[in-house]
Amino acid sequence: MEPKISVLVPAYNVAPWIGSTLDSILSQTYKNLEVIVVDDGSTDETAGILERYAARDERVIVVHQPNAGLVAARETGIAHVSGDFVTFVD
């Protein structure tokens with residue numbers, strides 16, 4: 001079986017860009033992946049966009065947390081990883 005890749009995406013107020021970012025990740029030819037997006041307390045439409053992606057693609061896992069910064073968002077994401085390898089997109 002192919003190794004599972006976990007892609008961690010910390011997100012804070014990135015509504016204009018998060019859709020194209022997720023589209024790019026999800027369109028990769030390597031399909032055995034999970035995309036863990038940590039919404040770090042966004043105050044724009046980021047959370048809603050993330051929920052729509054998660055509803056239509058089971059590989060997208062959304063975690064919401066109060067704003068705590070990039071390092072905390074990465075740590076939260078790592079706690080949710082189930083893959084064999086981890087990479088970051090931020």
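Predicted model: local features only at pLDDT ≥ 70, side-chain atom pairs only at ≥ 80, totals over all residues.
**Helix H1 and the sheet it covers**

H1 spans residues 15-26. It has twelve residues and reaches 17 Å from its first C-alpha to its last. That is close to the 16 Å expected at 1.5 Å a residue. Which residues of H1 are buried? They are Ile18, Gly19, Leu22, Ile25 and Leu26. These residues lie on the same side of H1, because they cover an arc of only 135° around the axis. Pro16 and Trp17 sit on the other side of H1 and are exposed.

Now the sheet. Strands of a sheet pair through backbone hydrogen bonds, either parallel or antiparallel. Here the pairing is parallel, and four strands form an open sheet in the order S3-S2-S1-S4. Strand S3 (60-65) and strand S4 (85-88) are the edge strands, and each pairs on one side only. On average, neighbouring strands of this sheet are turned by 20° against each other, direction ignored.

Look at the S1-S4 pair. Strand S1 covers residues 5-11, and four bridges join S1 to S4. Within this pairing, Val7 stands opposite Thr87 in S4.

Return to the helices. H1 lies across S1, strand S2 (33-40) and S3. Its direction is at about 165° to S2. Helix H2, residues 46-56, also lies across S1, S2 and S3. H2 runs at about 150° to S3.

How values were computed: Residues numbered from 1 in each chain as written. Heavy atoms only, no water. Pairing = 2+ DSSP bridges. Helix = DSSP H or I, 4+ residues; strand = E, 2+ residues; numbered from the N terminus. Axes fitted to C-alpha atoms, helices over the stretch in contact; angles between N-to-C directions. Contact = heavy atoms within 4.5 Å. Expected span 1.5 Å × (residues − 1). Buried < 20%, exposed > 50% of the residue type's maximum accessible area, 1.4 Å probe, protein only. Arc of directions from axis to C-beta.
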